[in-house]
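We will go from stop to stop, picking residues as we go.

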Amino acid sequence: MHLHKFEKIWLIFGVGSLVLFLAIIGFGAFYKGTQPQSHMQTIDPNNVEAYEAFKPENLGLTKVDDNNYVINVVASAFNYDFGVNKEDKPVKEIKVPKGANVLFQITSKDVVHGFNIAGTNVNMMVEPGYISSLETKMNKPGIYTVVCNEYCGVGHHQMFAKVEVYE
């Protein structure tokens, strides 16, 4: 079989690209240990309050020790539920000290939501029946907006909150 010069060039380019792609994926998967989450926690989306972290009194910011915090959130129907304050009003802003290690634990009651803190590396997909968690260090002071970056219905644009990192 005779191949034209340009066919040979394109074949070499295609096979070379495939080998390079597989080498990069293999490097990331085996040498670096990059892999998808394998031990995701599941939860009953119809009864999230049965799980200790998502009971109404445990929602919002909890100080674990000197510089470690946990923020438990329930996403549902165009709202992030961070709990209520002393006046029984919904909390829409969380305040965290600069340099704090924060573990975000989030679940959803109804549909798929997003949890993105603009300007940080916090970006999660929140699915009903699963607990999404991410630990990060909040180093830069400022007020950050929490947005839902997964379309969840007609009130999607009203789903936001704030995280303030203070000195």
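**Stop 1: strand pairs**

Select G60 and find N72 of β3 standing opposite. This is a predicted model. Now widen the selection to β2, residues 60-65, and β3. These strands pair in the antiparallel sense, over five bridges. Follow the chain from β2 into β3: a hairpin of two residues joins them.

Next, pick β10 and β11. They run antiparallel, joined by six bridges. For a landmark, select V146; its bridge partner in β11 is A161.

In which sense do β5 and β11 pair, parallel or antiparallel? The sense is parallel, over five bridges. Select E93 to check: its bridge partner in β11 is K162.

**Stop 2: the nonpolar cores**

Select Y80, F82, F104 and F115. These residues have the most contacts inside the largest nonpolar core, which has 27 residues. As a rule, nonpolar side chains in soluble globular proteins tend to be buried together.

Now centre on F115 and show its surroundings. What does F115 contact beyond its neighbours within four places in sequence? The list includes Y80, F82 and F104. V73, I106, V122, M124, V126, V146 and V147 are also in contact with F115. So are two asparagines, N123 and N149.

Then select V48, L59, V74 and I131. They belong to a second, separate core of seven residues.

**Stop 3: salt bridges**

How many salt bridges does the structure hold? There are three. Take them one at a time.

Select E49 and K109. Their side chains meet in a salt bridge, at 3.1 Å from N to O. This pair links distant parts of the chain, 60 residues apart. E49 is in the loop between β1 (41-42) and β2, and K109 is in the loop between β6 and β7. E49 counts as partly exposed because its relative accessibility is 32%. K109, with a relative accessible area of 34%, is also partly exposed.

Select K55 and E52 next. Here the side chains meet in a salt bridge at 3.3 Å, N to O. K55 has a relative accessible area of 26%, so it is partly exposed.

Finish with E164 and K95. Their closest N and O atoms are 3.9 Å apart, in a salt bridge. E164 sits in strand β11 and K95 in strand β5, 69 residues apart, so this pair too links distant parts of the chain. K95 is partly exposed, at 48% relative accessible area.

**Stop 4**

I9 lies in helix α1, residues 5-31. The relative accessibility of I9 is 45%, so I9 counts as partly exposed.

**Stop 5: a loop glycine**

Last, select G155, in the loop between β10 and β11. Is G155 buried or exposed? G155 counts as buried because its relative accessibility is 6%; the cut-off for buried is under 20%. Now draw a distance from G155 to M124, C-alpha to C-alpha. The two are separated by 19 Å and lie 31 residues apart along the chain.

Note on methods: Residues numbered from 1 in each chain as written. Predicted model: local features only at pLDDT ≥ 70, side-chain atom pairs only at ≥ 80, totals over all residues. Heavy atoms only, no water. Core = buried A, V, L, I, M, F, W, Y, C linked by side-chain atoms within 4.5 Å. Buried < 20%, exposed > 50% of the residue type's maximum accessible area, 1.4 Å probe, protein only. Contact = heavy atoms within 4.5 Å. Helix = DSSP H or I, 4+ residues; strand = E, 2+ residues; numbered from the N terminus. Pairing = 2+ DSSP bridges. Salt bridge = Lys/Arg side-chain N within 4 Å of Asp/Glu carboxyl O.
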